[in-house]
Amino acid sequence: MEYLTVHSPILIVAIPLLAAFIIPLLSRLGSKVRDTFNVSLLGFVTFLVAILAIDIYANGARIYTLGASVPELARPEGYMVPVRIMFQVDGISIFMGLTITVVALAALVYSLQFVKNETGQDRFYSLFMLLYVGMIGLVFTGDMFNLFVFLEILSIAGAGLASYRVNLADAVEGGFKYIVISAVSALLVLFAIGILYGQYNLLSIAALANTMQFNTLDMIALAMLAIAFVMKLAGVPLHMWAPDTYAVAPAGITPMIYMSSAASMYALYRVTFTLYGGQFDTMPIGWVVIILGVLSMFIGVMMAIYQTDIKRLMAYHAISQSGYMLLGVGVGLAVLTDPVALANYGRDAMNGGIFHIINNALYKGMLFLTAEAIFFRIGTRDLNKMGGLAHNMKWTTIFFIIGALAISGIPPFNGFASKLLIYESVFRFNPLLSIIAMFVSLVTLASFTKVFYSAFTGPEMPAYREVREVPKSMIIGMGIMVACIIFFSIFPGLVVDTIVAPATDALIDQASYINGVMGAAP
Amino acid sequence: MMQYIPFNIPFVAAALLVGVALFIFLFKRNLIKIVMGVAILSSGVNLFLIALGYRAGGVAPIYTATPEGVMVLPVPQALTLTNIVITVSVIALMLTMVMYIYRHMGDIDAKKSRLLKG
């Protein structure tokens, strides 16, 4: 057990990475063997993430240095700076890790039946595991260069999966947009890393944060990193790829690609809070993040209103919900250097923003799955052609109602809990922002009411008389997410205290991140 | 002063390459040209990294049996090598997608092949 805890950061990354290349071989033995292998492997990884999480919540951040005699040894003997590749897992990393793992497990179970009749399933699962590795590595890594490498891994795997159904022309187009955006943003990240390395000869995030001078070149690097990650998380001026890619990706993959956007959001937070935190006045950056958030919220939901393609509509809602996360954490970033304001409302705003990441991953991911369940059965995503599906798809309808109520922030669902935290705290920062957030929430409810009426209610349509409920694995996949949503709805306080508050503390407390690697300040 | 000028030329070239690539992304609609833009952007970044690590008159950073003198920085070269490998795979994937788009649409003009909009 102790051994597993110490080595879990690398095992969580290495096991699925190895599995990605074993899966094509296992496929030779038959699809049953492969499916069992995939699910049990991801189950084991979930177990590892859980024991790592328990350890981190009990003992604080954990460092894993590759190649060191003791994994916790960040700096080799006699060196002033860390030179080895390193995973540094703290509160926010493990929070993202838990979110990603739950979503991946649900998406994998859902996909078992969903891709059953497609060709090239072995490659599908290989890329699925690579996408998972990319996301987990991105949130665990402790140095800038591996950030770039994992960003590229998740981009390539994500683009390959988004255009998995190459027989559909729009799928390839959506995948192409995703890979262009990803390649450009990753190369911008690399350029920024080059600028930082040229000045400080360092790649480790903690060591860089320790020596950061905040000169003009650093600001240029910050701008490049911010543009790259906003592009990748589909914040509003750079959101054009998201509806296209989300709409065409196969069902299990859409929540995963959405999670990779959330992982990029984590990278944005890591850069702004940890790398550029400290003595630097973060008010302007905070306002930039807030304005991005408000724009994403507002424009996202406005674009969603008139969509007729159910998945595009949900994709615009995903952009709009990302705005809430940016708004909440942006307020925290703006008041980071003001201890009184931070204690009064900044911390609550960040709690709300971070809690919204996991809530949204659950209900948005689930809504994407229900949308694709409909597509699976009736073969169209056009809302105008749907109707009366509640007669035959009872589970999907129930799941959709739960997801729609949660995303609109209706009590008692979990979306309400995180949105309430954001409304209350942002109101004390700037009332106008809070009013916009509430308005957006109302429009979200209106939009989902429209979807519900046009897809599920009404008399049974003759064309869909033969439509049946989706297969069992798809129901279980959605059920995993619904179970989490219901748990989070009943115990929001418990969840905030256990997993969200440590994540917020990890972002705010830059010094402990640095000390974890550099040793206590002399 | 004169001795610094040759040092800056690689950085100017890298900036130019990045600028050309951004121009391509903004104004070109041919998908093959967009793929070329990614390749040019990647070359610009690679050149930037290599120029960063170069020391005038430096030798290869191999610790056993090196002649006396300055060594060039090894880390940027490792970064560049990784980036080259990644770029190759990205471009291969992009070209595959362009091929499929051409098969479906009979065209590689991004303006004409727009199934997804709104």
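The legends below describe views of a predicted model with chains A and B.

**Figure 1. Overall view of chain A.** The secondary structure of chain A consists of 19 helices and two strands. Along the principal axes, the C-alpha trace of chain A extends over about 75 × 60 × 40 Å. The radius of gyration of chain A is 22 Å, which agrees with the value near 24 Å that a compact globule of 522 residues would have. Buried residues amount to 62% of the 522 residues of chain A. Of the contacts in chain A with a separation of 6 or more, 80% are between residues 24 or more positions apart.

**Figure 2. Overall view of chain B.** Chain B has three helices and zero strands, and its pattern along the sequence reads α-α-α. Of its 118 residues, 27% are buried. When contacts in chain B between residues at least 6 apart in sequence are considered, 54% join residues at least 24 apart.

**Figure 3. The contact between chain A and chain B.** Chain A brings 27 residues to this contact and chain B brings 26 residues. On the side of chain A that touches chain B, at least two residues come from each of α5 (144–162), α6 (169–200) and α9 (241–248) of chain A. The most is given by α6(A), with 17 residues. By class, this side of chain A comprises 17 nonpolar, six polar and four charged residues.

**Figure 4. The packing of α6(A) against α9(A).** The crossing of α6(A) past α9(A) is left-handed. The residues of the contact of α6(A) with α9(A) comprise six nonpolar, three polar and four charged.

**Figure 5. The packing of α13(A) against α18(A).** Helix α13 (residues 339–378) and helix α18 (residues 492–508) of chain A have axes 9 Å apart and pack at an angle of about 115 degrees. This angle makes α13(A) roughly perpendicular to α18(A). Their crossing is right-handed. On α13(A), the contact is formed by Arg347(A), Met350(A), Asn351(A), Ile354(A) and Phe355(A). On α18(A), it is formed by Val496(A), Val500(A), Ala501(A), Ala503(A), Thr504(A) and Leu507(A). Eight nonpolar, two polar and one charged residues make up the contact of α13(A) with α18(A).

**Figure 6. The buried residues of α19(A) and their cover.** In helix α19 (residues 510–518) of chain A, the buried residues are Gln510(A), Tyr513(A), Ile514(A), Gly516(A), Val517(A) and Met518(A). Their cover includes β1 (62–65), β2 (86–89), α7 (205–211) and α10 (253–275) of chain A.

Figure 7. Most residues other than glycine have a negative phi, and most peptide bonds are trans. Asn201(A), which is not a glycine, has a positive phi of about 55 degrees. Asn201(A) occupies the loop between α6 and α7 of chain A and counts as partly exposed because 13 C-beta neighbours lie inside 10 Å. Ala234(A) also is not a glycine and has a positive phi, of about 65 degrees. Ala234(A) lies in the loop between α8 (216–233) and α9 of chain A and is buried, with 27 other C-beta atoms within 10 Å. The peptide bond from Pro411(A) to Pro412(A) is cis, with omega near 5 degrees. Pro412(A) belongs to the loop between α14 (394–407) and α15 (414–429) of chain A.

Figure 8. Ile486(A) is part of helix α17 (residues 472–490) of chain A and is partly exposed, with 16 other C-beta atoms within 10 Å. In chain B, Ala60(B) is located in the loop between α2 (31–53) and α3 (74–105). Ala60(B) counts as exposed, having 10 C-beta neighbours inside 10 Å. Ala60(B) and Val70(B) are 10 residues apart along the chain, and their C-alpha atoms are separated by 9.0 Å.

Terms used. Residues are numbered from 1 along each chain as its sequence is written. Chains are lettered from A and ligands numbered from 1 in the order in which they are written. This is a predicted model: local features need pLDDT of at least 70, side-chain atom pairs count only at pLDDT 80 or more; totals for chains, interfaces and linings use all residues. Helices (H or I, at least four residues) and strands (E, at least two) are DSSP runs, numbered from the N terminus. The radius of gyration is taken over C-alpha atoms; the globule rule is 2.2 Å times the number of residues to the power 0.38. A residue is buried if 20 or more other C-beta atoms lie within 10 Å of its own, exposed if 12 or fewer, and partly exposed in between; C-beta atoms are placed from the backbone. Two residues are in contact if their C-beta atoms, placed from the backbone, lie within 7 Å. Ala, Val, Leu, Ile, Met, Phe, Trp, Tyr, Cys and Pro count as nonpolar, Asp, Glu, Lys and Arg as charged, and the others, Gly among them, as polar. A crossing is left-handed if the near helix is turned anticlockwise from the far one by less than a right angle, and right-handed if clockwise. Axes are lines fitted to C-alpha atoms, for helices over the stretch in contact, and angles run from 0 to 180 degrees between N-to-C directions. Angles under 35 degrees count as roughly parallel, over 145 as roughly antiparallel, 65 to 115 as roughly perpendicular and the rest as oblique.
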